[in-house]
Amino acid sequence: MRIDILTLFPEMFAGLLSCSIMGRARERGLVDIRLHDIRDYTHDKHHVVDDYPYGGGAGMVLKPEPIFEAVELVGKELGLSAVPTILLTPQGRLFNQEIARELAGYQHLILICGHYEGVDERVAEHLASDEISIGDYVLSGGEVAAMAVVDCVVRLLPGVLGSEVSLDEDSHIEGLLEYPQYTRPPMYRGLAAPSILLSGDHAGIARWRRQQSLLRTAKRRPDLIEKVVLSQEDKKLLSEAFEIKS
Ligand code: SAM
C-alpha cells in the first residue's frame with residue numbers, strides 16, 4: 001500500500017514513521033509512506049499557502065491551488081485518474097475500526113492535513129473523495145489525525161503484525177472491548193492476577209475472557225453492546241457476570 005500525506009509540517013511524522021510496528025512495516029516494504037510539503041507546490045517567491053477568509057473573520061485558510069496540484073501530481077505519478085483522497089477535518093465522518101478496515105483495502109491513499117482555520121471548501125467539494133474526523137474535538141492541524149488514521153490502517157495490512165499477533169480479540173474488531181490482560185508477577189503488592197489465567201485450563205480461560213469482554217463492554221460502552229448480536233451463551237455469560245458483580 002502507498003500512502004501520500006500532504007502537510008505543512010512533514011517533520012512532525014518522523015517519530016511515527018521510524019519507530020516500532022510502523023518503522024518495521026516500512027523497512028519490510030509493506031507500506032510506502034510519502035510526505036509532501038504543501039509549500040513545495042506553490043509557485044510564488046514566498047511559498048504562500050494560506051490567505052484571509054473571504055467574508056472576514058479570524059485566522060487564515062489554506063489555499064486550494066497547491067493542494068489540488070499536489071494531489072494531481074501524485075495521481076499522475078501513479079498513472080491513475082483518481083486516487084482515494086481523504087481530507088482530515090473535524091467535520092468529517094467519525095473514524096472507527098470499520099473505516100480503518102475499509103481504507104486498508106485500498107492500494108493507494110492520499111491524506112490532506114489542514115491547518116489554521118481549515119482548508120478552502122473547494123478541496124472538500126471537488127478534490128477529496130472522503131472527509132474524516134478522528135473525534136468530536138478540534139486539533140490545531142490534521143497531522144495528529146493523519147497519524148492516527150495511518151497507524152490504525154497500517155497495522156491491518158497483511159504481514160504487518162506478524163502471525164503471532166491476533167487482531168480478532170482486539171477492542172472494536174468484533175464490536176466488543178477486549179478482556180483485561182495480566183502478566184508476571186502473579187502477585188504484586190498484594191494484588192493477585194486472576195487464578196484462572198494461571199490454571200492452564202484453556203477452555204476456562206477462553207470462557208473467562210469472553211465473559212470479561214462482554215461485561216466490560218456492557219458497563220463501559222452500552223452503545224457498543226447494543227449493536228452486537230449476542231449468542232445464547234454470551235447472554236448467559238453476561239447475566240452470570242452481572243450476578244457475580246452485584
Ligand atoms: N475551523 C475548523 C472547524 O471548525 O471545522 C477547524 C480547523 S482546525 C483548527 C485545523 C485543521 O486541523 C483542520 O483543517 C483539520 O485538518 C485538522 N483537524 C482538527 N480537528 C480535527 C479532527 N477532530 N479530526 C480530523 N482533523 C482535524
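## Contacts with the ligand

A polar contact is a pair of N or O atoms within 3.5 Å; within protein, one of the two must be able to donate a hydrogen and the other to accept it, and residues adjacent in sequence count only if both atoms are side-chain atoms. In this predicted model, where local features need pLDDT of at least 70, side-chain atom pairs count only at pLDDT 80 or more, and totals for chains, interfaces and linings use all residues, a backbone N or O atom of Gly142 lies 3.4 Å from an oxygen atom of the ligand. Residues are numbered from 1 along each chain as its sequence is written, and side-chain values use heavy atoms, with hydrogens and water left out.

Of the 580 Å² that the ligand exposes when taken alone, the protein buries 85% (accessible areas by the Shrake-Rupley method with a 1.4 Å probe; for residues, only the protein chains shown count as cover).

## The shell around the ligand

The ligand is surrounded by 20 residues, of which Leu88, Gln91, Gly114, Glu117 and Tyr137 are the closest; a residue counts as near if one of its heavy atoms lies within 4 Å. By class, the shell holds nine nonpolar residues, 10 polar and one charged, where Ala, Val, Leu, Ile, Met, Phe, Trp, Tyr, Cys and Pro count as nonpolar, Asp, Glu, Lys and Arg as charged, and the others, Gly among them, as polar.

Strand S5 (85-94), strand S7 (130-133) and helix H6 (142-154) each supply at least two shell residues, and S5 gives the most, with four. These elements are DSSP runs numbered from the N terminus (helices H or I, at least four residues; strands E, at least two).

Five strands form an open parallel sheet in the order S2-S1-S6-S5-S7, strands being paired if DSSP finds at least two bridges between them. S2 (32-37) and S7 are the edge strands, each pairing on one side only. S5 pairs in the parallel sense with S6 (residues 108-113) over four bridges, and Leu88 has Cys113 in S6 as its bridge partner.

Helix H6 lies across S1 (2-7), S2, S5, S6 and S7, running at about 160° to S6 (contact means heavy atoms within 4.5 Å; axes are lines fitted to C-alpha atoms, for helices over the stretch in contact, and angles run from 0 to 180 degrees between N-to-C directions).
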